[in-house]
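I opened my notebook to record what I looked up in this structure. My entries follow in the order in which I made them.

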Protein chains: 2
Amino acid sequence: MKAYAEMTREELTAELAQLKETYKSYQKMDLNLDMSRGKPSVEQLDLSMGLMDVLSSDCDLACEDGTDCRNYGVIDGVQEAKVLLGDMMENNPDNIIIFGNSSLNVMYDTVARAMTHGVMGNTPWGKLDKVKFLCPVPGYDRHFAITEYFGIEMIPVPLTPEGPDMDMVEKLVHEDESIKGIWCVPKYSNPTGYSYSDQTVRRFARLKPAAHDFRIFWDNAYGVHHLYEHKQDHLIEILMECKRAGNPDLVYKFSSTSKITFPGSGIAALATSPNNLEDIISQLRIQTIGHDKVNQLRHVRYFGDIHGLMVHMKKHADILRPKFEMVEKILEDEIGGLGIGEWTKPIGGYFISFDSLPGCAKAIVKRCKKCGVKMTPAGATWPYGKDPFDTNIRIAPSYPPLEDLRIATKLFALSIKIVSAEKLLRDAGKAGAIIT
Amino acid sequence: MKAYAEMTREELTAELAQLKETYKSYQKMDLNLDMSRGKPSVEQLDLSMGLMDVLSSDCDLACEDGTDCRNYGVIDGVQEAKVLLGDMMENNPDNIIIFGNSSLNVMYDTVARAMTHGVMGNTPWGKLDKVKFLCPVPGYDRHFAITEYFGIEMIPVPLTPEGPDMDMVEKLVHEDESIKGIWCVPKYSNPTGYSYSDQTVRRFARLKPAAHDFRIFWDNAYGVHHLYEHKQDHLIEILMECKRAGNPDLVYKFSSTSKITFPGSGIAALATSPNNLEDIISQLRIQTIGHDKVNQLRHVRYFGDIHGLMVHMKKHADILRPKFEMVEKILEDEIGGLGIGEWTKPIGGYFISFDSLPGCAKAIVKRCKKCGVKMTPAGATWPYGKDPFDTNIRIAPSYPPLEDLRIATKLFALSIKIVSAEKLLRDAGKAGAIIT
């Protein structure tokens, strides 16, 4: 089929009429499908049911050093959980704190502490006139929500297939002392699926921020979330690279098992330098006596070691891969060559990022919703929920069953076509011209 | 035996010499005992091992409304957990949020939010020149650590057997707008074991604080932690009393299962008014996607209902009661009538509060430590760790096995006697007089 922009007004009008007919048939299906959030599917959750069997009343709930995991204490987590998550994050267990069920919560708390008490003895951010964060876009809405909540000004930085625009990052961070952080999802980024190149990681590690309390918030959410066994991205490990570059305290690195076992019932972790660890733990002792060690033990006993965890992740991949491939195939089949949108082809993570013609994303999501398919709200991938181009839509293929996903994606593609055709006709009308 | 103050110098000197001989025999025992923290004993932890069996890979992990507890979501907790903890806290489940593993963490977060964002739209406490909290003394060191951490000035208020000195509380709270909160452990208080009288609760509910954003931090840590089946304290439920008094938003009420199942692997809860709930939940959504629902389900299925939980608490009581009774008996046998100390006789909770002669507490704790028995540091029960009278010592009888506790308490009593005798002799020396 011809690209829409190359059609005559008559051709495009005819196409639009036909699309709307098809849309009506979808409306009759009374759909109720959800592609809005990066939730594992029921089938994926079932993979971890063995987690419920590894601890029983016959078990000794002591960890390897003899500590009774049932009682209070151990602020930084049990050693074997640090080893497991250290292996997963490619960090020394000694550089790790194991937290509760949510790495998002750890990130929030890290920003909250910086606001009220400052980073490693520096002025609390809350006492400064202006605090800014760099936000690679498109990015993760919950990151942006945290910085917005704390009144931190967010500066969008374009995310390329190599990672954030490092010329811009360097320029801003080196010049502006009020820039205190940057949100990064370095591997299989939310929502593009892009992984940072070696060059990007090296440049991050060599930043010379104007602010001594600048920190990279390195959300390694999808570190082991590959879709393929042999086609995988591998990043330079950031903490080690920072250390080599003489910048050991530059990074807070976050991870969790939320999309490995049960979201909400997993364990989260922070890896960082000894100086940062000391700064954090001394404050953490005020906040809590310790996190859920029994659940830490449960995870360790379930996986055994990092190999067990990787075998488990392969099962996730086997469920997710067909979903990603189907979405990409439908988009290719339905709108490939029409010149009305582009999308990423991730080899890991939880999302596909779609970019429509300018000014169409909101209308596309609305069309989907009217027909019973819920997408992530357009704009969500930008700070303050405002996509200045109104182009980006995050596709979350993980949760719906394959057949539902097929229908939802077809409706999504149909909505893209309708909204794009309408836009092109409108633009042509405004220009007072007929296309071609 | 005669009260020490009534002995002649010779009598007291002879007594002291004999006590020191006995102390030497304890030193030879190479003790390593811990009466410092309110930790459940191994025997108590064993009571909850069935918690590890109620969920298995054969179970449906959906809660009653059909929500899959394994996945993301449900910010305020699963309904049946709200019902169970609502029954435990004597609150409507609709007024409850279920959190993660630590009510201390919930209290910290509540203060942290007030610092950065204020209470229900009021000025953030962090933006005010001065913020103060009332701290009934003796009280809980971890409460005081939170307010100290946030730079909140702490004002000690005497705790009587009826509760805090309400004349003082009312006067201060009614007059001083910078007073934003008060720490309360209303039932079986830490460390005295005192429970607030009906009159005290009524007066709390009728406070007319100068500050609109004043909140009572009502830490109901020991609500169901009775030592006896028929000798129990019963308090007027504070939220309902506040509502009746036209002060519905005055209280944050905290609780958890930390000393019911496994400390660190339980569930925590906050009960408060709909206005406060809305204020908190809207902010909580930024911090996390939800807490550990599988663990909520585990607790609900383990106990079944509040009756199941109460039956369980009776087993705890059966283990704790002999420990409390033994400590009290040893203190009575060893120092009763000597006029060198007073102690509380709680019928619930986790602590006994001991008051020495003025200026002796630190020395007593030090003497215990030198002999291998760890007590809570003297001063810990006061804001900033500073007991101006140096009299109060918290006794935590729960953790050591009965036989260890017997030895530790005897050593404690011995240390009291030695330090008191030394003090009285010193005082007599200073006065240049011989006693009698």
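**Entry 1: domains of chain A**

I began with the domain assignment of chain A, which gives domain 1 (4-44 + 310-430) and domain 2 (62-304). I noted that I am working with a predicted model. I then looked up the spacing: the C-alpha centres of domain 1 of chain A and domain 2 of chain A lie 31 Å apart.

How many residues does each domain bring to the contact? I found 26 residues from domain 1 of chain A and 31 residues from domain 2 of chain A. Next I looked at the side of domain 1 of chain A that touches domain 2 of chain A. Helix 11 (306-335), strand 11 (352-356) and strand 13 (392-395) of chain A each give two or more residues to that side. Helix 11 of chain A has the largest share, 8 residues. I sorted that side of domain 1 of chain A by class and wrote down 15 nonpolar, 7 polar and 4 charged residues.

**Entry 2: the sheet in chain A**

I traced an open sheet of 8 strands in chain A. The order is 2-9-8-7-6-3-4-5, and the pairing is mixed. Which strands stand at the edges? They are strand 2 (96-98) and strand 5 (163-164) of chain A. Each has a single partner strand, so one side of each is left without a neighbour in the sheet.

I followed strand 2 of chain A to its partner. Strand 9 (residues 268-271) of chain A is joined to strand 2 by 3 bridges, and the two run antiparallel. I picked out one pair there: A:Ile98 has A:Ala269 in strand 9 of chain A as its bridge partner.

Then I asked what packs on the sheet. Helix 4 (residues 103-117) of chain A does, and I saw that it touches strand 7 (215-219), strand 8 (251-256) and strand 9 of chain A. The direction of helix 4 makes about 155 degrees with that of strand 8 of chain A.

A:Gly139 lies in the loop between strand 3 (132-137) and helix 5 of chain A. Is A:Gly139 buried or exposed? I counted 28 other C-beta atoms within 10 Å of A:Gly139. The cut-off for buried is 20 or more, so A:Gly139 is buried. Leaving out residues up to four places away in sequence, I listed what A:Gly139 touches: A:Phe144, A:Leu159, A:Trp183, A:Asn190 and A:Thr381.

A:Arg426 is found in helix 13 (residues 402-430) of chain A. A:Arg426 has 11 other C-beta atoms within 10 Å. The cut-off for exposed is 12 or fewer, so A:Arg426 is exposed. I also checked A:Arg426 against A:Lys187: they are 239 residues apart in sequence and 39 Å apart in space, C-alpha to C-alpha.

**Entry 3: covered elements in chain B**

I moved to chain B and looked at helix 3 (residues 79-89). Helix 3 of chain B is mostly covered, with 8 of its 11 residues buried. Among the buried ones I noted B:Gln79, B:Lys82, B:Leu84 and B:Met88. What do the buried residues of helix 3 of chain B pack against? I found strand 2 (96-98), strand 8 (251-256), strand 9 (268-271), helix 10 (293-303) and helix 11 (306-335) of chain B. B:Glu90 follows helix 3 of chain B, and its phi is positive, near 60 degrees.

Strand 3 (residues 132-137) of chain B came next: 6 of its 6 residues are buried. Both faces are covered. One side holds B:Lys132, B:Leu134 and B:Pro136, and the other holds B:Phe133, B:Cys135 and B:Val137. Strand 3 of chain B pairs with strand 4 (residues 153-160) of chain B in the parallel sense over 6 bridges. I saw B:Phe133 opposite B:Met154 in strand 4 of chain B.

**Entry 4: how the chains meet**

I counted 45 residues of chain A in contact with 45 residues of chain B. On the chain A side, helix 4 gives the most, with 6 residues. By class, I listed 21 nonpolar, 17 polar and 7 charged residues on that side of chain A.

I then laid chain A on chain B. A turn of 180 degrees and a shift of 0.0 Å along the axis did it, with an RMSD of 0.0 Å. The two copies are thus related as by a two-fold rotation axis. Which surface does each copy use? I found that 100% of the interface residues of chain A are also interface residues in chain B, so the copies meet through the same surface.

Notes. Residues are numbered from 1 along each chain as its sequence is written. Chains are lettered from A and ligands numbered from 1 in the order in which they are written. This is a predicted model: local features need pLDDT of at least 70, side-chain atom pairs count only at pLDDT 80 or more; totals for chains, interfaces and linings use all residues. Two strands pair if DSSP finds at least two bridges between them. Helices (H or I, at least four residues) and strands (E, at least two) are DSSP runs, numbered from the N terminus. Two residues are in contact if their C-beta atoms, placed from the backbone, lie within 7 Å. Axes are lines fitted to C-alpha atoms, for helices over the stretch in contact, and angles run from 0 to 180 degrees between N-to-C directions. Ala, Val, Leu, Ile, Met, Phe, Trp, Tyr, Cys and Pro count as nonpolar, Asp, Glu, Lys and Arg as charged, and the others, Gly among them, as polar. Copies are superposed by least squares on the C-alpha atoms of residues with pLDDT of at least 70 in both. Domain bounds come from an automatic or database domain assignment.
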